[in-house]
Amino acid sequence: MKTAISSAGPGIESQVDTRFGRCAYFVIVNVEGNEIKEEKSIENPGVNMPGGAGISAAQIVANEKVKAVVSGNVGPKAFYVLNSLGIEIYQAVPGTVKENAEKLLRNELQKIDSGSGGGFARGRGFGRRF
Amino acid sequence: MKVINVLSGKGGTGKTMVSSSLLWTMSRKKRVVGIDCDVDAANLGMVLGVKITRRKEIETSEKAFLIEEKCTGCFKCVDVCNFSAIEKGDKKPVFNRFLCEGCGSCELVCPENAIEIKTVKNAWITEGASRYGFPVVSGQLKMGESGSGKIVTEVGRTGERVAKENKSEIMIIDSAAGISCPVIASVRNTDYVIAVSEPTPSGFNDLKRAIKLVEFFKIPCGLIINKFDINKELTRKIENFAKEKGLSVLGRIPYHKDFVDAAVNLKPVVVYKKKYREIFENIAEKIYSWFE
Amino acid sequence: MRIAVTGGKGGTGKSIVSTALAFELSKKQKTLLMDLDVECPNDHLILSIKREKVKDIFQKIPKFDFSKCVKCGTCSKVCKENAIVFIEGQYPRFIPEQCTGCNACCIACPTKAISQTEKKIGEIYYGKGYGMDLVSGEMVIGYEEAGPVVNAVKEYVKKTEKGYKHIIIDTSAGTHCGVISALMGCELALCVTEPTPFGKHDLELILDLLNVLGIPAKIIINRSDIGDKKLIGTISKKYKTEIIGEIPYKKSILDAYSKGVPVKEKEIENILRVLK
């Protein structure tokens, strides 16, 4: 499964960046069977964008034909775009891109599937408490 | 680093008072950075006595400009502008720069290529250290300029860089009043929101609207009731509302002339009068425990 | 006369002054109070006036006819708000929340596959009380631009405004697009401020703006007895702008405010006398 992971730098050893729209890079990896193949790193122009960075980021990763995104704070608009394209979103955990990809391989990352409603201030579902 | 956003909906409920006092309180135990996102009227730096060390002019807005000699006066641009920013002049269109959004519709429709969209310098971003040592970043829109939401994003980015340089553990953002673009831009990407309210019908009403916004972004939120003693019944209602929404009440602040005097003397109230320190220390503790 | 009540800083008492002025004026002449603080309209609360919704406010947004679309991506390229997502080989996707209704995509589309439709961005309310009419605009939460909502309320009032002797416009805080739209067309702006360094700082910003817009200004100092009035005095001199009223801090004002009745104080009458 081709996956985009938001990161602070290029390459699979970089730390993940939990911001989706304004991360520095997207590392594209292919997670298949027992293997993680690094494909490439793309600089994210959204980091300098005045507005709509999340949407722009969604467009960038979608054009790479990824099937999943591993990130933290995916805003409602970016969520809508990714969702409508059938791209799955997984909650990143602190660590490197590689560690996150391995966790994804082992099915240990939490899938985010609520872009709206529910869970507010009831001690669950913020999806960003680390 | 944890990012705390102080907002209120209604203006003048005490956001800057809360932000400055909380910054000072937290700075005694942690490395903090203050961000003033009230780009229409930036006041946080004034209370904290910031000595500006860096000032940057930025361009986040675009506007349409007419190239007079190319224009034939067909006025197609006037019809196409959805922001009423172009009016029919005697021979040529007249552009109102305050209403122009820089969207480029007029540029696209102009048969003579007589319109160009150019970026304009519309704001200042300043960095400096407060008289209490910690760094503060402020944004200030130039007069009559638009695009405050985008400037807030820019202030936030500068703030992040400064935070990194200073290895800050806590960032406190003082938001603008209201719930429109500048506030939305500053609420994004925060870990915790402090809503400051006051027990007046409008204070309560605006709080509800602000909370809806916070719910929309699903950010954990706590409440501070300022001037809680001017109408205890409404304070009770606000607290019931907080309970209903699952928000914790972080603190209640009384109404006293000390707060005005502190403002006139340009000092955080906790520096001006020691007796208010306990309130803010408790608020700080409650927020730390949320982060743990 | 069309008078705006503004001031730069939030919480200086714009709404209290607007409602009190409208209340006094409406005793003798037909008066309209327009609450154009569309992010958080409050004047109806201060006056305990029951409002009724009279109109929804819409903004233009594009409508795509995919049968004409050739998937060229031009619409996405011209959109400065990132409101149109284009993925190679697919039809464009539209994000309505991001759209400001500029129509650029519609103009740029080479196959005329985009037409205009509407989305709701706000509501207009109408109410009556204390002999005055109240119109207020309210922005849909999550929508980002106050300006278009303000303009729509002004447009709505246009047909009936000739019937009023006075129109008082309550603006929001700051100097952003919503405030500018509310100020445009006013004959006078009353700047309500407070005698603190913040009040002073923000007053300068709004006076600069009014100067550029060519709207004459007057200053009202609220809570004039707590703080330092000299701060505002220097601004009054610097901008050659008269201070036409001072409202002291009074428990009776706070009580009226927190109970939802208009403030009736002699200071407000004094302001009116100066205005006349």
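## A covered helix in chain A

The buried residues of helix α1 of chain A pack against β1 (2-7), β2 (25-32), β3 (35-43), β4 (68-71) and α2 (76-84) of chain A, together with β4 (84-85) of chain C, where contact means heavy atoms within 4.5 Å. Helices (H or I, at least four residues) and strands (E, at least two) are DSSP runs, numbered from the N terminus. This is a predicted model, in which local features need pLDDT of at least 70 and side-chain atom pairs count only at pLDDT 80 or more, while totals for chains, interfaces and linings use all residues. Residues are numbered from 1 along each chain as its sequence is written, chains are lettered from A and ligands numbered from 1 in the order in which they are written, and side-chain values use heavy atoms, with hydrogens and water left out.

Helix α1 (residues 53-63) of chain A is mostly covered, with eight of its 11 residues buried; buried means under 20% relative accessible area, exposed over 50%, and partly exposed in between (1.4 Å probe, protein chains only). Among the buried residues are A:Ala53, A:Ile55, A:Ile60 and A:Val61. Just after α1(A), A:Lys65 takes a positive phi of about 60°.

## The sheet of chain B

In chain B, nine strands form an open sheet with mixed pairing, in the order β3-β8-β9-β2-β10-β1-β11-β12-β13; two strands pair if DSSP finds at least two bridges between them. At the edges stand β3 (51-58) and β13 (248-253) of chain B, each with a single partner strand, so one side of each has no neighbour in the sheet. The twist averages 20° from one strand to the next.

Within this sheet, β1 (residues 2-7) and β10 (residues 170-174) of chain B pair in the parallel sense over five bridges, and B:Val3 stands opposite B:Met171 in β10(B). Helix α1 (residues 15-27) of chain B lies across several strands, including β1 and β10, and runs at about 165° to β10(B). Helix α11 (residues 277-291) of chain B also packs on the sheet, and its direction makes about 170° with that of β13(B). For these angles, axes are lines fitted to C-alpha atoms, for helices over the stretch in contact, and the angles run from 0 to 180 degrees between N-to-C directions.

## Cysteines and domains

C:Cys79 is in no disulfide, and the nearest cysteine sulfur, that of C:Cys102, is 6.3 Å away. C:Cys79 counts as buried at 16% relative accessibility.

Chain C is divided into domain 1 (2-57 + 122-275) and domain 2 (66-112), with bounds that come from an automatic or database domain assignment.

Note on methods:
A disulfide is a pair of cysteine sulfur atoms within 2.5 Å.
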